[in-house]
Every structure is written in structure tokens, then in C-alpha cells.
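User: I would like to go through this model with you, one topic at a time. Please keep the answers plain.

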Amino acid sequence: MLQWLQALVDGVLVGGVYAIVSSGLSLVFGIMGVVNFAHAEFLMVGMFVAWFAWAYLGIDPLLGSLIALVVVFLFGAGIQRTLIRPILKAPQVAQIFLTVGLLFCLENGALLLFGANYRSVSTPYQTESLRLGGIIVSLPYLLAFLMSGLSGGLLWAFLRFSRTGRAMRATALDPMAAKLVGIDTDRMHQIAFGLGVGLTAFGGAVILPYLTVYPAVGAQYVVLMFTVVVLGGLGSVAGAAVGGIAVGVIQAFSALVFPVQLQNLVLFLVFIAVLALRPQGLLKGASA
Amino acid sequence: MTEAVASPRAAALRPGRAVLIAAVLAVALAVPLGLDPQGYPIRVLTLTLLFAAMGQAWNIVGGLANQISLGHAGFFGIGAYASTILLRDFGLSPWLGMLAGMALAALAAAALAVPTFRLKGHYFALVTLAFGEVMRVIANSWSSVTGGPVGLSVPFAPDSLWMFQFGAARPYYYICLGALVAVTLVFWRIKAGALGYRLRAIKENADAAEVIGVDTFRAKLQAGLISATLTAGLGTVYAQFSYFFDPDTIFGVATISVRMALIAIVGGVGLTFGPIVGAFFIIPVEEFANAALAGRAAGLSAFVYGAVLIAVILLKPEGLLALFAALGKRWRERRR
Amino acid sequence: MSSGASDYRSKTFRLGRRAALAAGGAALAMPFVSRAGFAADAVNVGVVQPLSGANAQFGINSRNAIEMVAEEINAAGGIKSLGGARINLIVADSTSTPTTAATVAQRMISQQSVVAVLGAFASSLSLAISEVTERRGIPLLTMSFTDQLTERGFKNVFQIVSKGSVLGRAQVEDSVALARENGEEVRKIAILYEDTAYGTSQAEGLRAAAKGLGLEIAVDEGYPHGITDVTPLVNKLRISGAQLVFPVSYLNDSILIVRTMRQQGVTIPTVGGAAGYVIPDFVQALGDLADGVLSIAPANYDQAPEYTERFRKRFGYFMVHEAIEHAALMGCLVGALEAAKSKDPAAVREALLATTFDSGWATVMTGGTVKFDATGHNANAFPVMVQWQKRELATVFPAKVAKAKAVWPKRG
């Protein structure tokens, strides 16, 4: 029983991070209609930004996450302008393979610039934990979860209440109508893409204290992120939050029942099943 | 994406073109005679032919049925594993093993069609991506049968056509050439035939096609089965040619699935000669990059790979063939 | 495409152009033919290592060592029995893909007529290369662990290290013996391994050894290479009651596992399976947490400091085991060339089998000398147990070669 409770706690904590990392992917799809296969690479970029901020400026990755957010936002906005915008109306083949090409460029660009070595940070809290009864709560996991929750809340408020956020949602719902009422949809797309990849980079930075960064780390998250957004419904940011926690808990529970080796297999099967049965997401209808 | 170049008459074989094809084939048959049968150039040419055939097999779903698969490595690996396991455990000729692998791949494709038949575009690409990964994890974990992550070696045997094994690359060259011709003929038959018309109708407008009585599920399933079966067959060829493979290579997203698609796209999606042109561009460039850079700049060749993909899509989404056609037209016009 | 408008060009011209195109691939593929001719009397030695991709770091370490030894040999007058012929290294990147490894091996065999190939760190790469070298009759000298390499009846593979299964067995038996010396009787152990070729084959050795000693395996878990969350693994470990844990992994996972164990207050002794546990990055990433961590190793630099310190001086980090083993392979190859008095690969192969290598760099391997048995495996090699002490790796077991006393972690 305690085992399951422990797995639940671990799953929720990890899932919170999955949620924020994936909400960026969902945002990009929701507002631009583009599935970004390169999205997980921005997690890697965010981790590198946070690592350099730590190594050269002595900034803790939890704060460095803000730097990662800003830097990658600008980077993403630039990529949107040069690469993504020209293919917004192109056939899906073009969209898919442009972002696949971008994936190769980002991963191997990082390899060219930084080498293949694993890098990690050392922080005072990274080997600490809290004990509640028999349950162990890892401090770096908890901090990453709290940071994710905070930024998730801010994102929600931004989309809900700010002028820009409302304009973005309008663009998502009906680009034509949005244009008619005077919304600069081009600009909205650029902000959405920048924000989407920025959030993912932010997520990468907050998990750096308990992980290592290397050019291929994004590959570990590709299917995971897609599973999260598909579970929550492609394009739904709120769905990504629920999907993230769900995936975290599924992973933690599956480790109790199946060999850890099959962890990803379980994930893939959930993914295929959801796409086959409810491609619109488990939550569609319940939330937007 | 392709209709601008491939007019509906494209399939009709004009006499001029027939002569050209015969000439190219004759050259292809003659080239190995001038090369060291165990050498490096013939090995690269053989790999090029093999990848051209793989791109062509992908082209059946990706080009004709407009279903963007990112998981063809799944079928490729099924072919390689099936024939090699049967050879290892029962001494079965890889040619028979190839048939078994093709049958298995057809089953897998049929099973995959159940969850994917309603899916389009991104969703289809995502599910196929996951399918390829599922196959990789299975091969990796099911060690007692697949040899696990250590990979599988094709048992050493003396030169023999029946056992599909040769010390030199030259016989493999001809086998791969034969495979390429066969897959291309299949592609061409489908494109020119009734199935091709149905697929084109679905591609243009699926709902309209349904209304005029095209069984869209059936048409897509047929294309998917043929493509998967051919891909599995090529997987066996690959296993016999490289003598060794492991799950990460044979089920690789970048090394197999994306490369198959890339070859078709670079050459010209949906065009009969697209994958051939694509392979003769991509594979030598990769080899050249590896030979020239020799690790002095790790990752550069893969980076260039991605950049080429982006460049093709931004500049000439119809592929190299269309580029050549445009250049040729301009050149001729200037000469007039 | 050649549409109908081809009439004004002669067919023969077109044919010629197509032929040129077809041959173009071949022409492209041999950019360095001209290079092969230089230094007529030099001995070409192929070096295939993963210089890019996931194993790049290890490939680069290996290449560094090989280049250093080759330079030393050349500076000392080259191969004397061949009239002072210089060693000319042909280095190529295998990437992390077996097919590419085989292709580059093929390239150097047919274009540079190498006498032997050294490579390629990862077992999957070496296996793929061996398929090519065997068919061409070129000796492949390797330090990959996997048992398969020398168990397929191949005649041209030379494996200088203890096999994976032997390493796994030593990892268990040596640590149980060490525990006993420190007053602890081990009954229950835990095995955590990454599901790569290296991880799974070593785990098999661990299992076999545990069975042989009658130990209970409380946890036996493989996990995907590059795992991002090891909490489930450490949770299982914590409640298992295991007295020793044997993690087998590269760097990324080893860092995660050691840190998470500390987080959860798991203090049982950790005995790593080489790879990620015996490289400078391990101590760099973990700092004081690394202290006391044990690992099995196929070789260690404190066994022959008079040689290995040259490496540290030149490259700035201690001579990691793959570098030691590749240097020793180079030493053997030089010895074989001297004995064969020939650049013929078949003669070199004979010499490799016939000679006991007991001088120069060949002596840095465990066992002090190298002798390949009929299968091509170095019968003299044995694994050693090493421990992180004050940021250096000290050999602590077996006693005959130990350079320091093991510090047995206090249970708390």
C-alpha cells in the first residue's frame, strides 16, 4: 500500500513537469495548427541555457529557468519567422518534415557546439528529501513541480485575462474572424510559437537539478510529450496539465507492475490506444 | 505537392523514355564489372540502390496514399529479424525467411490499420512513429528470441545464392538492383492502375471519393499492406548484406524511418523516379561527408542532413526532379 | 526529367551523361585515394572509433591513446624488422551505427590496404566490423567486452579484455569477498542495468555469479538507456533489503542513480560495472558523493603508472580504461609486426596468435603480458576492483595487484 502511495506521489511530482513541458507543444498546435516534431529539442536548449547560466554566472537552474524562458522565446520567435511561417499553409508533409529537419539541426547543432558530454549541475538541495510518514518526497522533484505549477498558473491567467492572450485564443478559434476584428494573427503566431518553446525550455531548466544535459536528451521526451498532449487533447493547454499528471502516474504505477524496461512500451501503447479511440483527447468536451 | 509535375499521363511510357530507361539499366548492369567486387565504391552503390528501393516502398504510402509514415523501420526490422531468426534456429534459407517476414509485416500493417484508418496527417505520422518505437522496445526486451540489445549476427556461410550469402559486394549489388527494379515496377503499376486512381481521388478529396463509391479504407489498406510487405523484404536484404544488426539500427527513427521518407521527398514525392534520384543524392553525400570529416566535427553530417531537409521543403517542396525539370526547361529556352 | 524534348541532343551524349552520373557516386566516395600512396614503406593501421554520437567521448579517448602510442613508436624508429617503417594511422568515424562502422572498415581495407583494424569501443560496432574484417582476412583488435566477439569461431578477432560475462562474475565475486574481509556476509544483492548490449551481457554474468554463490537476487531490473526518472528503480532497491547493489550503466544513468540513492537515504555499498563508473566525469559530476563508490574494471591506470602518466600529462586527465586497452592493443600490433617481418595481414594474424607480448605498451594490461588463445581472446587478462578515493581510482582487489586498501562504506 505504501509502495503505491509512494508511486502516486512520485508520479504526480514528475507529471507536473511533464505537464509544463508539454503545454508548450499543445499551445503551438492549438494556435497555429502545426505539430512541431522538433519541440522536445527546445527542452534540451533550455537545459543548456540553464546549465551555462549555472556554470558561468552561478545562477541556480530554478532561477535560470527564467533566463531559459526568455532566451528560447526569442530564439523560437526567430525560428517561427524564418522557417515555420512559410509552411503554415503548406501540405502536412511539408510541415512534418520541416520540423523533423529542424529536430536534426537542433540536436546536432548542439553536438557541434557543446560536444557529446553529459553535464550536470550541483546544488545544495539536489540530494535532499522530505519525509512524511513512510513517504519520501524528493526535494528537487518537489521544487520542479512547484515551479511548473506556478508557471502553469501564470500561463492560464495570461491566456484568460490579458489582451494578447485573448487575441491568441481568438486566432486559434477562427483566424479569419480574428483578422477581421483587427488582430495581427501573424504576430500572434510568432508569440505563440516563442511562448510554446519557451515554456518547454523553462521545464527543461527546472528539471536540470536532478538530470544531466546532453545533445540527445530531447529524444527521451519526444513520445512522452506527444502522449501527454494527445491524452489531454491536441491544442488544449488545460488538457496538457491533466495529461501530464496522468502520464506521470501511469509511468510510476507501471513500474510497480511491469519491469521498468517496459516503461516506454506501456507509454506507447497508451498513446496508440488513445489516438485510435479518442483522437480528440480524453477531455475534449469537458474542457476547451 | 506532386501533381504539378506528374500529370495524369505520366504513367504512360513514351518511347523516348523507354530507351532512356533501358540505357540507364544497361549502365547499372555494367558498372560493377569495372569495380573491385569487394571494394568500397561498390558497397556504397549497393547501399544506394537498397535505400532507393526503400524510399520507393515508402513512396507507395507516402506518395500515392498521402499517408505520412514515420514508422516504416518497424516493417523493415520485422523482415530482418524474421529471416535471420529462422536462419539461425532452423537453417532456413533467407529467401524463404524473407517470405515469412513479408507475411508478418503484412499482418502488422493490417493490425496497425485498425487504430489508424481514421487518422490523417499529423495523427497518422504520430501513431506510426510510436509503432516503430514499439517494435524497437520489443526487439530490445525479448532477448530470448531476438538476441536483445546485443543484436543478431547472420550465421557465417560460404558463398551461396540459396543461402543468400556472399563474401563480396558484387552479388548484393545485383540483388539490390533487382529489388529496386521490382519495387519500382510495383509502384508504377499501382500508380497507373485502378488503385492509383482511387488513391489520387482520396488524396484530392476523401469525402468526395467516398461519395462516388471509393472504399477509402480498402484502398489505403491495400497500399499500406503492399508497402509494408516490400519494406520487410528489403529488411531481409539489408540483414544479409550487413551480416549484423541491432534493434537501435534496424528500428532507428533517423537511420531508417526518416531516411526512407527523406529520400522520397528529396527526389520528388509520388514520382516514379523520385526515390531513385533522392537516394543517389543523399547516400553519396552522407558517405562523402563521413569520409571527408572523419569525426573532426561530430554531428556535422547529421546537421547537414537536417538542413538539406529544411532547404528542400522551403525552396522546392516538389523535390530534385522538379528542380532538374525546371532547370532543363530554362536551359532549353535560353538556347532557342 | 527528360521529357519529349530530347530530340535535339544525340542519344549517345545523354547516355554518356547518365553513365557519368552513375559513376559519380563512386567518384565521390573515394576522395582520399591519392593519400594512400604516401610514404611507400609506412604500415597503414585502421582505427575505427565512434567519434560522434552517443559514444563519442569513449571513441575520442581511444583515438588519443592510439595516436600517442603510434607517435612514440615512430619517434623511436618505427618497425625495425620492416626497415624502420612508420606507423600510419587511418582514423575514421564509425558514428554509433553498426552499418556505418562496417562501411568505413570496408573503405579503409579496400583503399588503404590496412594491415589491421583497431576498434570500435561499443560491442555492436565491433561486431559489425568483425563481419567485414573476417571476410577480408584482416585482424580486428578490440577491447569490446561482449562474449559473442570471440565465440563465433572467427579467426581474425583479437579481444584483449575480459569478456562481459567474466567481468560480471568478478563484479559479484570480488565484492562478496571484499565484504567478507570487512566483516559482512552478503546474502541478498540487487542488479540494475541499462538495456544495451553492454548492460544486458554484463547482467547475465552478474546473475550467473550470484547463482553460483547461492545469493538471492532481490532486485533484477533492466531499464531503458537514457532513463530520465530513476525513482522507481531506487524505490524498489530501498525496500528490497539488498546488501549490495550492482548498477551497470554509462555516465548519465550512473549519476542519476547515485544521487537518487543519496536522496532516499540508501547507503548500501555500490559496485558499478565499469563504463560510467570509472571515468573522470563521474567524479566531476558527483564530487564527494563519488567517494567510496566501487567498480569493476578491465584495467586501471595505477597498475602501470610509468606508462599511463604520459597520457595524463599529454591530455590532462587520467588514462581511462578504454585508452589503456587500446594502447595495449597497439603495443601488441607493433610486437606482431616486428615478429612477422611483413605487412601481410595473414602473417600479422599468425604472429598475433603465436607471440606472447611482454614488452612496451603491451604490458599495461592486467596480467602484465598479453597472450591470445586460439579463439583470439587474451587469456592473461583479469578484471580488477577499483574504488574512488580522493578523486582518483585505486585498485583495491585482488590483493596481488591492489594499490590501496578498500574503504568499506559504513552502513547508517
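User: Where is Pro398(C) found?
Analyst: Pro398(C) lies in the segment that follows strand β14 (392–397) of chain C. As the model is predicted, this placement is a computed one.
User: And which residue does a cis peptide bond join to Pro398(C)?
Analyst: The partner is Phe397(C), and omega for this cis bond is about -5 degrees.
User: What is the peptide bond from Gly119(C) to Ala120(C), cis or trans?
Analyst: That bond is cis, with omega near -10 degrees. Ala120(C) sits in the loop between β3 (116–119) and α5 (123–136) of chain C.
User: How confident is the predictor about chain C?
Analyst: The average pLDDT of chain C is 85, and 90% of the residues score at least 70. Confidence is highest in strand β4 (residues 140–142) of chain C, at a mean of 97, and lowest in helix α2 (residues 33–36) of chain C, at 38. Over residues 1–40 of chain C the pLDDT is below 50, and this stretch has 42 contacts in the model beyond near neighbours in sequence.
User: Turning to chain B, what are the corresponding values?
Analyst: Chain B has an average pLDDT of 86, with 94% of the residues at 70 or above. Its lowest helix mean is 80, in α15 (residues 320–335) of chain B, whereas α3(B) has the highest confidence, at 95. The pLDDT falls below 50 over residues 1–11 of chain B, a stretch with 19 contacts beyond near neighbours in sequence.
User: What does α3(B) pack against, and at what angle?
Analyst: Helix α3 (residues 72–90) of chain B packs with helix α5 (residues 121–141) of chain B at an angle of about 30 degrees, and their axes are 8 Å apart. Angles under 35 degrees count as roughly parallel, and α3(B) and α5(B) are therefore roughly parallel to each other.
User: Which residues meet there?
Analyst: From α3(B), Gly74(B), Phe75(B), Ile78(B) and Tyr81(B) take part; from α5(B), the residues are Phe131(B), Gly132(B), Met135(B) and Ala139(B). Six of the residues in this contact are nonpolar, two are polar and none is charged.
User: Now the interface. How many residues of chain A are in contact with chain B?
Analyst: There are 38 residues of chain A in contact with 41 residues of chain B. The area buried between the two chains is about 3500 Å², and carbon and sulfur atoms give 85% of that area.
User: Which three residues supply more of the area that chain A buries than any other three?
Analyst: They are Phe97(A), Phe104(A) and Leu112(A), which supply 19% of the area that chain A buries against chain B.
User: How many salt bridges are counted between chain A and chain B?
Analyst: The count is zero.
User: What about confidence in chain A, and the scores of the model?
Analyst: Chain A has a mean pLDDT of 88, and 97% of its residues reach 70 or more. Within chain A, helix α2 (residues 39–57) has the highest confidence, at a mean of 96, and helix α11 (residues 263–277) the lowest, at 84. The model scores ipTM 0.86 and pTM 0.84.

Methods: Residues numbered from 1 in each chain as written. Chains lettered and ligands numbered in written order. Predicted model: local features only at pLDDT ≥ 70, side-chain atom pairs only at ≥ 80, totals over all residues. Heavy atoms only, no water. Axes fitted to C-alpha atoms, helices over the stretch in contact; angles between N-to-C directions. Helix = DSSP H or I, 4+ residues; strand = E, 2+ residues; numbered from the N terminus. Parallel < 35°, antiparallel > 145°, perpendicular 65-115°, else oblique. Contact = heavy atoms within 4.5 Å. Nonpolar A, V, L, I, M, F, W, Y, C, P; charged D, E, K, R; others polar. pLDDT = per-residue confidence, 0-100. Buried area = accessible area lost by both parts, 1.4 Å probe. Salt bridge = Lys/Arg side-chain N within 4 Å of Asp/Glu carboxyl O.
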